[in-house]
Amino acid sequence: MRWGLSLRLFAILTLLGAIAVLVTGILGYVRARDALEQAIYNQLTAAREIKARQVETYFRTIHAELRLLATSKMVIEAAREFRAAFGELDREPLSDEMRGKVSEWYGEHFVPEISRVLGMAPVLADYLPVGSGASYLQYHYIVANPHTEARRRLVDDPGDGSRYSRLHAIYHPLMRAAAATVGFDDFMIADPKSGRVIYTVDKEVDFATSTHVGPYRKTSMAAAVARCSAIADRSAVCLEDFALYAPAGGEPTAFMAAPVVDEGVVVGVLIAQLSDNEIDKVVTGDRRWRHEGFGATGEAYLVGPDHLLRSGPRAFYENRESYFADLKAIGAPEAEIAAIRRFDTPILIQHVDTKASQSALAGAEGTGEIIGYRGVPTLASWGPLSIAGVKWALIAKIDSAEAFAPIDRLRRDLAIVGGLALLVVVVTAGWLSRALLGPLSELTAGVKRFASGDYGTKVTVRTSDEIGQLCLAFNGMVDELREKNVVIEGKNRENEELLLNVLPAPIANRLRGGEQRIADGFAEVTVAFADLVGFTALSSDMPPQEVVALLNGLFTRFDEAANDLGIEKIKTVGDAYMAVCGLPVPVVNHAERMVRMAIRMVHITREHALEHQVDMKLRVGINSGPVVAGVIGKSKYIYDLWGDTVNLASRMESGGVPDSIQVTRPVYEKLQGLFAFESRGSIEVKGKGSVEVWLLRL
């Protein structure tokens with residue numbers, strides 16, 4: 001039984017119902033993805049804000065504790081007395097033995113460590129303490145200290161009997177307890193005038209050194225001391241961002257300082273040395289990312305204004321090899337990777353410059369999917385921290401692959417259901433392709449072949465229903481259009497040939513392109529006028545057909561010569577022939593070409609006269625200069641030239657000598673080395689007066 005188009009349309013509508021189910025599934029998937037994405041962003045933002053408050057609270061606590069200590073009587077008295085005691089030691093001579101032992105200790109212990117930090121061996125003299133007081137104190141509290149480096153702070157009195165050591169035995173236990181209670185990495189006092197570090201808890205190699213001169217003058221500690229030394233304000237606190245600090249073994253170190261003010265005068269600067277470990281613990285959640293809900297790839301990290309990390313990334317702590325492999329994969333510099341290995345930390349070394357860090361450092365909060373510092377798509381929440389003295393950004397992120405894992409499972413489930421639905425669609429489509437889509441496909445292919453230029457295409461008529469009738473109509477349309485196309489192509493060729501006979505090819509193309517007014521100026525062309533001497537009298541005794549045949553044969557040969565030499569014929573008027581060289585396409589040797597054309601024209605005229613046994617001579621005038629060229633007319637186009645150059649070329653012809661070529665000075669000056677010219681002197685030219693001319697020797 002033959003099915004009609006209506007029944008087939010019913011089948012299509014049934015199929016569209018199945019498609020609607022598929023669309024519903026896709027919309028559900030998209031909305032589920034959006035909802036999950038928003039939930040993840042909310043979770044990341046909440047985690048970021050919690051950690052931001054924790055970091056800000058940490059610095060506010062340090063700020064308050066440092067400010068409280070700086071205003072305490074203990075610190076004020078310690079600053080005054082340590083300054084005086086240090087000054088006494090500085091004025092006492094130092095034995096060569098003690099100075100030598102200090103130098104020996106630096107060579108054995110400090111130089112290897114600083115070489116690791118710098119990546120090169122330093123000059124020992126650059127790091128040795130300067131002054132008797134500095135060398136004396138470093139000897140008794142560092143070189144001769146019986147404890148290991150980590151326990152040097154346990155020495156209260158080295159037993160040297162100095163005033164400084166007596167004061168140290170009094171104040172050091174109190175200072176040490178304060179540092180341990182507050183959580184300072186080290187606790188120091190500096191002289192605001194000399195910049196000397198007159199007291200430290202840990203007795204590192206910066207003890208007794210100067211922040212004004214020497215190897216530590218450009219450190220963050222020196223900057224903090226310099227700022228606070230100039231502020232006699234009990235509420236002032238100076239915070240310097242983390243930087244690699246050589247006396248701390250090259251570890252990232254920040255300094256918070258406060259002026260010690262007594263009776264309006266800064267008598268000391270109290271300095272808290274802050275390690276990155278405390279900040280890192282807060283930001284990484286003491287490295288318990290899963291416990292904090294960050295999953296397998298989530299984390300939070302700090303970035304400074306230099307786009308360097310201020311806390312360690314998760315991959316560095318969990319899988320070093322994978323971490324370094326990721327750095328190489330994203331093109332991190334080898335020097336950066338080597339520095340991370342050398343210092344055993346990426347803090348202040350690894351460069352992180354992402355959309356999130358840029359936006360947060362600019363002071364904006366936001367969320368979005370970005371390419372993270374590992375080069376993979378990441379969902380992130382970012383924002384700045386509010387800490388006076390530093391400009392940090394906090395980013396919380398999780399890899400997109402992990403975040404959307406539930407959605408991927410949903411997509412797989414939908415794919416299974418969709419596959420079953422598609423199986424039904426395929427079976428239905430197989431039947432429809434034979435019954436309905438087959439003829440339509442052939443018809444579509446036929447239309448495409450016809451559109452691509454195959455005007456002989458035909459479509460097989462397989463049915464007698466509406467589609468079969470459409471195929472018949474298409475075949476009839478193709479036959480009719482093919483016939484009309486043949487006629488149109490013939491007319492187009494005729495029109496093209498006619499237009500090219502009237503206008504130069506470039507001008508014809510511009511006219512076909514839609515230009516309404518074509519007018520161009522040319523700074524330098526060569527124009528020639530040629531006229532047959534006595535042709536009017538000659539033609540009066542000849543039949544019209546012979547006159548036309550004679551003139552057509554001659555001008556046809558002129559046209560061939562012009563085509564060979566790249567010269568543009570402008571027009572013929574009676575027995576006159578006008579041509580130009582150098583337009584519409586400029587050429588350099590337009591004058592030379594035109595003179596060669598004139599020579600050929602004279603020879604062609606002589607040959608033509610001999611062949612037809614008539615007395616006929618040619619007179620040619622040539623001039624070079626600027627012209628204006630354009631198309632005039634609407635129903636009958638003509639491409640013509642205007643200007644003094646054209647007028648003078650015409651006068652050269654009319655005032656010339658039969659069977660010769662007469663040129664103006666511009667032509668003569670251009671070609672006097674190529675052709676033989678003979679001066680004719682000056683002749684009277686209408687509208688120009690006396691004009692100097694030359695004849696070309698043929």
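**Figure 1. Salt bridge between Arg 606 and Asp 659.** In this predicted model, Arg 606 and Asp 659 form a salt bridge in which the closest N and O atoms are 3.0 Å apart. The pair links distant parts of the chain, 53 residues apart: Arg 606 belongs to helix α18, whereas Asp 659 is in the loop between α19 (644-654) and β15 (660-664). Arg 606 counts as partly exposed, at 33% relative accessibility, and Asp 659 is likewise classed as partly exposed, with a relative accessible area of 23%.

**Figure 2. Salt bridge between Glu 592 and Arg 596 within helix α18.** The side chains of Glu 592 and Arg 596 meet at 3.1 Å, N to O. Because the two residues are 4 apart in helix α18 (residues 590-612), about one helical turn separates Glu 592 from Arg 596. Glu 592 is partly exposed at 21% relative accessibility; Arg 596 is also partly exposed, at 37%.

**Figure 3. Salt bridge between Arg 153 and Asp 202.** A salt bridge with an N to O distance of 2.4 Å joins the side chains of Arg 153 and Asp 202. This pair links distant parts of the chain, with Arg 153 in the loop between α4 (132-143) and α5 (163-182) and Asp 202 in the loop between β2 and α6, 49 residues apart. Asp 202 counts as buried, at 14% relative accessibility. The search of the whole structure finds 33 salt bridges.

**Figure 4. Network of salt bridges.** Five residues are shown: Glu 299, Asp 326, Arg 374, Lys 397 and Asp 399, which are linked in a network of salt bridges.

**Figure 5. Surroundings of Glu 204, a buried residue without a salt bridge.** Glu 204 is located in the loop between β2 (197-200) and α6 (220-229). Although buried, Glu 204 has no salt bridge, and the nearest side chain of opposite charge, that of Arg 152, is 4.0 Å away. When neighbours within four places in sequence are left aside, the contacts of Glu 204 are Ile 142, Glu 149, Arg 152, Asp 186 and Pro 247.

**Figure 6. Disulfide between Cys 228 and Cys 238.** The count comes to 1 disulfide. Cys 228 is joined to Cys 238 with an S to S distance of 2.4 Å. The link of Cys 228 and Cys 238 is right-handed, with 125 degrees about the S-S bond. Distant parts of the chain are linked by this pair, Cys 228 lying in helix α6 and Cys 238 in strand β3 (residues 238-245), 10 residues apart. Both cysteines are buried: the relative accessible area is 0% for Cys 228 and 2% for Cys 238.

Figure 7. Phe 324 lies in helix α9, which comprises residues 320-329. At 5% relative accessibility, Phe 324 is classed as buried, so its value falls under the 20% limit for that class. Not counting residues up to four places away in sequence, Phe 324 touches Ile 337, Ile 340 and Arg 341. Met 542 is 218 residues from Phe 324 along the chain, and the C-alpha atoms of the two are separated by 102 Å.

**Figure 8. Nonpolar surface patch including Val 23.** Leu 16, Ile 19, Val 23 and Leu 27 make a nonpolar surface patch of about 330 Å². Val 23 is part of helix α1 (residues 5-70).

Note on methods. Residues numbered from 1 in each chain as written. Predicted model: local features only at pLDDT ≥ 70, side-chain atom pairs only at ≥ 80, totals over all residues. Heavy atoms only, no water. Patch = residues over 30% accessible without salt bridge, like charges linked within 9 Å, V, L, I, M, F, W, Y side chains within 5 Å. Areas by Shrake-Rupley, 256 points an atom, 1.4 Å probe, with all protein chains shown as cover. Buried < 20%, exposed > 50% of the residue type's maximum accessible area, 1.4 Å probe, protein only. Lys, Arg positive; Asp, Glu negative; His and termini not counted. Contact = heavy atoms within 4.5 Å. Disulfide = S-S within 2.5 Å.
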